[in-house]
Amino acid sequence: MKQPLEGIRVLECGMYHAGPGGTAILADMGAEVIKVEPPGTGDPIRTSRRVGSISFEIAGNRNVFNEGANRNKKSITVNLKTKEGQEIVHRLARQSDVFMSNMRHNVIQKLNLDYATLRELNPRLIYATVSAFGHKGPDKDRGGFDYQGQARSGFMYSMGEADTPPTASQFGIIDQATALNTCQQITTALLMRERFGMGQEIKISIMGTAMYLLYFNVLIAQMQGIEVPRHKRASEHPLRNYYQCGDGRWLMMTLTPPERHWGPLCKALDRIDLQNDPRFDTDDKRLDRAEELVAILDKAFSARPRDEWLDIFGKYDLFCCSINSLMELKDDPQVLENDYLVDLDHPTLGKIKVPGYPADFSESWIKTTAAAPELGGHTEEVLLGIGGYSKEEIGKLKKDQII
């Protein structure tokens, strides 16, 4: 079977994950992705050994974030501060379908890698840039990472319990959403080029992605003029809530519409007495007396272990599932059967599980097939095969420390 983007070549001058994570997805889809990195140091993500107390280091002088952001790619090293280095990228851009960068605009211009320059070389080029806060406005030149996306978008006030400080999520959730967004916009532009024959520039941002991820929260705030309340488990709607079971594990249930599910829930919990209890016999009453009902349900759920409750709820077709820790995912049969975790033969870790592509195509395949490349491991191959350089020219570029 074919891969969706076989034959598409992507040229990347990016760093960290928002942006490069998007080209990694393109590589999962079959695109040839050539990552341009500074000689000697490479993408700074290669040396990101820890954040706070969390170590990213793995065997072979590698790290987790580099593996995730740069899987399946080819790495070439080029000194972009030199005219000769810029010419290398210009040559490769002529032979590429997509160019992606998340460097700031003033840096891109200094390196002669702006859209106007590359479009002259390749009018059909899809040119994508990723910024922190968008390409317009007073903060268009400010840098930012995942946490800035979480903070400025409202995301941190959409998580956690009410009446607690803003809550941040570990690790890179908005960066990964930006990667997905970058991939989608590039594939959309490729489709437009296929239909209408035109290249174009695409501008994506971390903050814009985060706000779009919060689409309904933002919509409620703007349409109704209110701050969307954060979930408070003790007093939130009892049928749209989560509970700790007798073995200390948790489950989440969402029983909508509640009138239809109230009776079956009472039967599943072996609390048929609650069904017609005048305190809870309408949904308005259940919400008004949520704190009282949540406490009753807490006691009911504590009587059995989680897996027993999941089996019982399945018999009544009540929408409910386990609340998994990240370490539990590898033991979840639903995760494994749907290839949401897949095997990868890693050069230093051996066979490991990595996140799988979250969609299934009947007539093609999408998959992570290779770990992140060694720094500059494909420089000669790419310059010979795509750049049109001779071995003698490559030797001179090495001697002059261009590559």
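1. Aromatic rings. Rings of Phe, Tyr and Trp (for Trp, its six-membered ring) are taken to pair if their centres lie within 6.5 Å; planes under 30 degrees apart count as stacked, over 60 as edge-to-face, and the rest as tilted. Tyr 243, Phe 301, Trp 309 and Phe 313 form one aromatic cluster. By this rule the count comes to 13 aromatic pairs.

2. Basis of the note. This is a predicted model, in which local features need pLDDT of at least 70 and side-chain atom pairs count only at pLDDT 80 or more, while totals for chains, interfaces and linings use all residues. Residues are numbered from 1 along each chain as its sequence is written, and side-chain values use heavy atoms, with hydrogens and water left out.

3. Overall make-up. The protein chain has 16 helices and 15 strands; these are DSSP runs, numbered from the N terminus (helices: H or I, at least four residues; strands: E, at least two). The C-alpha trace spans about 85 × 50 × 45 Å along its principal axes. Of the 403 residues, 43% are buried. Here buried means under 20% relative accessible area, exposed means over 50%, and partly exposed is in between (1.4 Å probe, protein chains only).

4. Surface and contacts. The protein chain exposes about 21,600 Å², and carbon and sulfur atoms supply 52% of that area. Accessible areas come from the Shrake-Rupley method with a 1.4 Å probe; for residues, only the protein chains shown count as cover. A contact means heavy atoms within 4.5 Å. Among contacts between residues at least 6 apart in sequence, 67% join residues at least 24 apart.

5. Helix 7. What span should the 24 residues of helix 7 (residues 173-196) have at 1.5 Å a residue? The expected span is 1.5 Å times one less than the number of residues. For helix 7 this gives 34 Å, and its end C-alpha atoms are 34 Å apart, which agrees. Buried residues of helix 7 include Ile 174, Asp 175, Asn 181, Cys 183, Ile 186, Leu 190 and Arg 193. The buried residues of this helix pack against helix 1 (20-28), strand 8 (98-101), strand 9 (126-131), helix 6 (146-153), strand 10 (200-205) and helix 8 (206-213). Gly 197 follows helix 7 and has a positive phi, near 80 degrees.

6. Two aromatic pairs. The ring centres of Tyr 16 and Phe 145 are 5.1 Å apart and their planes are at 85 degrees, so the pair is edge-to-face. Tyr 16 lies in the loop between strand 1 (9-13) and helix 1, and Phe 145 in the loop between strand 9 and helix 6, so the pair ties together parts that are 129 residues apart in sequence. Tyr 16 is partly exposed at 28% relative accessible area, and Phe 145 is partly exposed at 48%. Phe 56 and Phe 65 form a stacked pair, with 4.5 Å centre to centre and 15 degrees between the planes. Phe 56 is buried at 5% relative accessibility, whereas Phe 65 is partly exposed at 26%.

7. Salt bridges. A salt bridge is a side-chain nitrogen of Lys or Arg within 4 Å of a carboxyl oxygen of Asp or Glu. How many salt bridges does a search of the whole structure find? The search finds 36. One of them joins Arg 62 and Glu 67, with the closest N and O atoms 2.7 Å apart; both Arg 62 and Glu 67 are buried. Another pairs Asp 139 with Arg 152 at 2.8 Å between the closest N and O atoms. This pair links distant parts of the chain, with Asp 139 in the loop between strand 9 and helix 6 and Arg 152 in helix 6, 13 residues apart. Asp 139 is buried at 18% relative accessible area, while Arg 152 is partly exposed at 45%.

8. The side chains of Lys 203 and Glu 201 meet in a salt bridge at 3.5 Å, N to O. Lys 203 is partly exposed at 42%, and Glu 201 is partly exposed at 29%. Salt bridges that share partners join Asp 247, Arg 249, Arg 306, Asp 307 and Glu 328 into one network.

9. Ile 352. This residue lies in strand 15 (residues 350-355) and is partly exposed, with a relative accessible area of 22%. Not counting residues up to four places away in sequence, Ile 352 touches Val 342, Asp 343, Leu 344 and His 346.
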